[in-house]
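Please view the structure before reading the points.

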Amino acid sequence: MNRLVVISNRVPAPSAAGAQAGGLAVALEALMQQRGGLWFGWSGRISPAAGVRMMEDGAVRFATVDLTADEHDRYYNEFSNGTLWPLLHSMPELMSFDRRNAQAYRAVNERFADSLLPLLRPGDVIWVHDYHLLAMPAALRARGVVAPVGFFLHIPFPSPDILASVPESAALVRDLLASDLLGFQTENDADNFAEAAVRIAGAERGPNGWLLVDGRRVRLGVFPVEIEPQEFAAAAEDSWYAATTERLRRSLHHGQLLILGVDRMDPTKGLLQRLAGYRRLLETREQWSRRITFLQIAAESRKDVPAYQDLREAIEREAGNINSLFAEADWTPLRLIARAGARSTIAGYMREARVGLVTPLRDGMNLVAKEYIAAQDPQDPGVLILSRFAGAAVQLGSALIVNPYDPDEMADALDAALTMGLPERQARWREAWDAIKDASALGWGRSFVAALLRATAKRPLHSGAEPAPSLYGARGETGGMRLL
Ligand code: F6P
């Protein structure tokens, strides 16, 4: 079996510092533990040290590198999270751009490729993840790597018009086209990318998701990320009986219904718009006073990025406004927690919640929506309210689908969810559960790797053929040429 080499910015290595890889780690960990392989990325540390730290956990070897303070600032904070994140979420108004940051981003991608190169061996299959590493496929090819290279984008891909607002984006599209397989969360994302490849790189769209670029074939595919639904359901049931959920339940006096939101504190998650929807509900339906509690867990994230600092202030201000306007001496309508909770604890809260509120302004997939469904008691399930702009809406169409920009629509949906009778709740939940119950994160990972191997099956990997220079950039002639 070919060794799988995963490259991602965050790595769930046992000793990695700082925030863990979140959704990405959840999606990949099962595959890596089962199949084994090498997982390469940032250690989570900021230091001037240039070396690669190796460690092992079960069948997985981790190789991590530190970022310097300047790299962390320019590559991670500025370009990845201040430019690419809003750009790819179609929110250019939140975006800043500085050519120096784009250069630093590229330099980190190249440094990662340099550090990885000596660790590669013949027969490896390389899988690159996410928006931090858009330049990586071309950086690998420029170093002579001819192994199968797949890339998966966990977040959305915007329309070519929006993409064009970042000068560097054309080069990054070309860099991605050095992959053999490009995976996206939805058809819409894959389609936007194909269109950009046509406009920017003169690609031709072939049948069945192939792109023809400079005489090469690049496969595009849609691979919606999944959770482990049965595992999550079991964790939610256990946790529902645990002390943490019991304490939450006891705090909901007189059978108040719980509305729950669980997000990273991020401008794409639509938290302010969600509060506006809740506020509209309280303004227009007095009957809910004292009868509901909205618990929003908004784990602080990327706190060096100005847009995230502004968001935190705005959310805290608006949460305060809502509580001071609508609270009673014996009732607080909104509870806001700006810290992450343990996954198992949150699973229990999800099972307790009558309404799961997942209303991002734009989201690649949103695994919280799938987790909320998995956490429900089939006999007495809650109702998912889901943004039409989350990738998960493609699969979870039986949720109450809302436009998060419309507070009245959100208030109507909340009212409908809170008053929905048991048969309708069960029917909607059943349809959503049927859509996710047989999939798994492991299956997702396996299907990507299988598609990557299929996409490269007829390509001569040991031929020594030089990649086409127009695709692989100026460093195509690197010394230390490595054929895998
Ligand atoms: O795909 C989105 C993502 O980058 C994931 O990789 C990660 O789980 C999440 O965002 C958290 O972001 P950060 O690594 O910036 O803390």
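The model is predicted, with local features needing pLDDT of at least 70 and side-chain atom pairs pLDDT 80 or more, while totals for chains, interfaces and linings use all residues. Residues are numbered from 1 along each chain as its sequence is written, and side-chain values use heavy atoms, without hydrogens and water.

**Sheet**

- Ten strands form an open sheet of mixed pairing, in the order β3-β4-β2-β1-β5-β6-β7-β10-β9-β8; strands (E, at least two residues) and helices (H or I, at least four) are DSSP runs numbered from the N terminus, and two strands pair if DSSP finds at least two bridges between them.
- At the edges lie β3 (52-57) and β8 (204-205), each pairing on one side only.
- Helix α3 (residues 99-116) packs on the sheet and touches β1 (4-10), β2 (37-46), β3 and β4 (60-67), where contact means heavy atoms within 4.5 Å.
- Strands β7 (residues 181-184) and β10 (residues 216-222) are parallel over four bridges, and F184 stands opposite V222 in β10.

**Cavities**

- The largest cavity holds about 60 Å³ of space, a volume being the space filled by probe spheres set on grid points joined across faces, edges and corners; a cavity is a set of points on a 1 Å grid over the protein atoms alone where a 1.4 Å probe fits but cannot get out, and lining residues have an atom within 4 Å of a point.
- Helix α15 gives the largest share of that lining, four residues.
- The second largest cavity has a volume of about 40 Å³, and α6 gives the largest share of its lining, four residues.

Notes: Axes are lines fitted to C-alpha atoms, for helices over the stretch in contact, and angles run from 0 to 180 degrees between N-to-C directions. On a 1 Å grid over the protein atoms alone, a cavity is a set of points where a 1.4 Å probe fits but cannot get out, and a pocket is an open set with protein on both sides within 12 Å along at least five of seven lines; lining residues have an atom within 4 Å of a point.
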